[in-house]
Amino acid sequence: MAAAEQASSQKTATTWHGIVLQTLKRNEIKLVPYVPDRVLTTLIKDLHADPYFTTFPTAREEEAVGIVSGAWMAGTRGAVLMQTSGFATLANVLASLAVPYQIPLIMFVSERGTLGEFNYGQALVCRTMRPVLDSLAMEHHTITRLDELEFIADRSIKQAVTTQAPVALILSPLLTGGKTFDK
């Protein structure tokens, strides 16, 4: 590996978005559809800049889940990026596609609705997301610290693929810095 490439890789591996990108690569996840989100912007830009990944926006979260599910059936691993409010639209597609058909759907969810959130709708969805995941018997982890991110993401992806079960990795504002609100 060239010295400049190695230095760049080490730099990105010390940020939460750099760790996510490297973990996706190590687990051979190449397809990453997303619904645009301010918190995930740096990760999305880094994915677009890396020729390893096929990354593109979707209009809705259900569309991204359908794309990743179809890709899995065709032999390609994928992950979906979204924010908490987008998760509110997913109960049906998770209960009727990902869970019963044992799709190892990897979801990275930037958490809104907590820690200073101004939007009441975001707060409501944040409070219902984990109970919905529990009712679907879906594995989920809330990641709050940089030092736990790589371990939890890597092991969760491996478990999802091995058990053919979806997983949600909730990226707390304590990890990402959350959405900043202009006054």
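The model is predicted, so local features need pLDDT of at least 70 and side-chain atom pairs count only at pLDDT 80 or more, while totals for chains, interfaces and linings use all residues. Residues are numbered from 1 along each chain as its sequence is written, and side-chain values use heavy atoms, with hydrogens and water left out.

**Nonpolar cores**
- The largest nonpolar core has 28 residues; such a core is a set of buried Ala, Val, Leu, Ile, Met, Phe, Trp, Tyr and Cys residues joined through side-chain atoms within 4.5 Å.
- Buried means under 20% relative accessible area, exposed over 50%, and partly exposed in between (1.4 Å probe, protein chains only).
- The residues with the most contacts inside this core are Trp 16, Leu 24, Leu 81, Ile 106, Phe 108 and Leu 149.
- Elements giving two or more residues to this core include helix 2 (16-26), strand 3 (77-83), strand 4 (106-110) and helix 8 (146-163); helices (H or I, at least four residues) and strands (E, at least two) are DSSP runs, numbered from the N terminus.
- Another core, of 20 residues, lies apart from it, and among its members are Leu 105, Val 109, Met 129 and Ala 168.
- Leaving aside neighbours within four places in sequence, Leu 81 is in contact (heavy atoms within 4.5 Å) with residues including Val 32, Leu 43, Leu 47 and Phe 108.

**Helix 2 and helix 8**
- The axes of helix 2 and helix 8 come within 10 Å and cross at roughly 25°; axes are lines fitted to C-alpha atoms, for helices over the stretch in contact, and angles run from 0 to 180 degrees between N-to-C directions.
- Helix 2 and helix 8 are therefore roughly parallel to each other, a term for angles under 35 degrees.
- Among the residues making the contact are Trp 16, Val 20 and Leu 24 of helix 2, and Leu 149, Ala 153 and Ile 157 of helix 8.

**Helix 6**
- Val 93, Leu 94 and Ala 98 are buried in helix 6 (residues 91-98).
- They cover an arc of only 100° around the axis, which puts them on the same side of helix 6; the arc is that of the directions from the helix axis to the C-beta atoms.
- The buried residues of helix 6 pack against helix 4 (61-73), helix 5 (84-87) and strand 4.

**Two single residues**
- Glu 148 is part of helix 8 and counts as buried, at 16% relative accessibility.
- Trp 72 lies in helix 4 and counts as partly exposed, at 22% relative accessibility.
- Not counting residues up to four places away in sequence, Trp 72 touches Arg 77, Gln 102, Ile 103, Pro 104, Val 161 and Gln 164.

Key:
Parallel < 35°, antiparallel > 145°, perpendicular 65-115°, else oblique.
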